[in-house]
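Let's take a walk through this structure together. Have the chain in view, and we will begin with a part that calls for some caution.

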Amino acid sequence: MQNDEPTKSFVPLTKGTEVGQYRIINKIDEGGMGEVYLAEDTKLNNKVALKFLASRFVSDDASKERFTREAQAVASLDHPNIVAIHELNEYKGRPYFAMQYVQGQSLWSYAKQTKLSTDRVVELAMQLCEGLQAAHEKGITHRDIKPSNILIDSHGRLRIVDFGLASVQGTDRLTKTGSTLGTVGYMSPEQVRGEKVDHRSDLFSMGVVLYELLSGLNPFKAESEAATMHAITQDKPQPLARFNRDVPEELQRIIDKALAKDVSLRYQHADGMLSDLKRIDSAQVSTKSGNRLAAIAATVLVVVLAGYYVYSSFIADTSRKSDEPTRIVVLPFDNSGPEDQQYFVDGMTDEVITKLSSIKNLKVIARQSAAKLKREGMDISSIGKELGVEYVLEASVHWQESSSGIKRVKLVTRLIEVSDESILWGKSYDTIMSEVFTVQSNMAQQVAEQLGVVLSSNDKLKVWERYTNSEEAWDYYLRGNKYHRR
């Protein structure tokens with residue numbers, strides 16, 4: 001009875017409970033040592049997430065110190081891939097901290113709802129590396145990297161959350177109390193053995209997450225926790241190509257290195273893994289792992305074409321500066337479906353133009369100019385000369401509706417080089433309506449990469465920025481644009 005006394009005095013955190021300047025809306029998550037509530041900041045009139053130490057741990061000084069340490073650790077980090085902490089406080093004897101509320105979903109939910117391309121997995125992996133590198137540089141090891149501790153916000157950006165098990169260099173004297181130090185299935189071998197861990201343990205866990213995203217399976221999952229832990233320390237995962245033929249050899253090599261049992265053979269820093277991920281260009285990502293010879297031939301061809309392009313540009317147009325942005329025009333997409341869907345096709349054209357225009361080293365011609373020339377029936381070469389562009393992007397949109405009423409959209413794209421009207425790149429996208437936002441961002445990034453434009457972190461954020469997740473809101477917006485043009 002005496003052990004229950006510390007928790008009896010705590011006021012239940014129900015809807016409407018006032019916690020300082022915050023008003024509780026509802027509980028959104030519960031973990032081993034904490035509970036997270038959605039709340040309204042009554043002073044700033046916005047939403048925040050409040051994380052409270054679980055009431056059963058409030059009388060335990062070590063747990064309270066660990067909770068405080070988590071808040072202080074995350075508050076010291078200022079990175080777009082890590083959820084920010086605003087305030088550390090206490091409510092009726094119960095510690096809590098206020099943090100940024102991220103509208104989105106866990107990485108696992110996102111992966112289940114979205115058929116992730118290998119390109120997108122690599123993009124998310126780079127963001128995860130950048131966030132971990134920022135933490136590691138501050139001496140912070142997360143120690144519980146797993147899909148449920150990674151959020152994807154409404155703009156498609158990755159955010160790392162829950163540093164509850166983090167170790168901080170110089171202060172890691174606390175022992176665990178009432179919670180498992182890590183999550184079985186994502187632990188590193190040294191965590192399983194109960195040894196001291198450092199930032200390289202996070203990179204092992206990241207390797208598990210990437211393997212799972214690409215294959216749909218945890219590489220070490222077995223019939224029991226004991227068997228899973230044995231697999232982590234002893235077994236080598238099956239090759240990813242067995243489950244996903246689109247995984248290139250270079251990406252397999254990166255994940256193998258991240259999953260090395262011996263920490264000295266693993267990536268030593270997140271930025272080393274990030275550098276290797278950046279080397280996987282779009283051509284490598286789309287090449288099947290078994291087709292190594294084709295990849296080598298493609299690389300040689302790219303070098304030859306690049307040499308020819310540099311030479312011809314220098315000879316034929318000496319007036320052009322080397323740092324001048326690449327010029328491209330996006331022709332209005334062709335609608336192969338019902339006429340009443342033209343407004344939607346026009347909206348897709350506009351969105352791709354907007355995303356390409358946000359990239360620093362690209363110059364994109366206005367839609368009105370492209371539409372006028374297309375209506376006049378001009379060919380690619382004439383359009384290129386008239387607008388002074390080197391490349392033309394065109395696409396057709398096809399529609400399909402299943403018997404259950406689910407609408408699908410198929411885009412067939414072509415990137416054309418004006419000088420000889422050759423197709424530099426082409427791709428088909430087949431997706432459900434709700435994933436059109438992702439397709440538009442993916443298309444813009446792949447076009448830029450095919451043009452040899454290196455995207456900065458800021459460019460990528462703009463390309464993947466999403467203003468709404470609501471299909472209905474997006475549809476009304478496009479209809480409004482249609483009437484505005486009239």
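Start at residues 281–291, where pLDDT stays under 50; pLDDT is the predictor's confidence in each residue, from 0 to 100. The model has 20 contacts beyond four places in sequence for this stretch, a contact being heavy atoms within 4.5 Å. Where pLDDT is low, the predicted coordinates should not be read in detail. Residues 1–8 also stay under 50, with four such contacts.

This is a predicted model, so local features need pLDDT of at least 70 and side-chain atom pairs count only at pLDDT 80 or more, while totals for chains, interfaces and linings use all residues. Residues are numbered from 1 along each chain as its sequence is written, and side-chain values use heavy atoms, leaving out hydrogens and water.

Across the chain, pLDDT averages 83, and 84% of the residues score at least 70. The chain holds 17 helices and 17 strands; these are DSSP runs numbered from the N terminus, helices (H or I) having at least four residues and strands (E) at least two.

Now turn to strand E3 (residues 34–41), where seven of the eight residues are buried, meaning under 20% relative accessible area with a 1.4 Å probe, protein chains only. E3 pairs with strand E2 (residues 22–30) in the antiparallel sense over seven bridges; strands pair if DSSP finds at least two bridges between them. Here Arg23 has Glu40 of E3 as its bridge partner. E3 is also joined to strand E4 (residues 46–53), again antiparallel, by eight bridges, and Tyr37 stands opposite Leu50 in E4. Four residues lie between E3 and E4 in their hairpin, where Asn45 in the turn has a positive phi of about 60°.

How values were computed. Buried means under 20% relative accessible area, exposed over 50%, partly exposed in between (1.4 Å probe, protein chains only).
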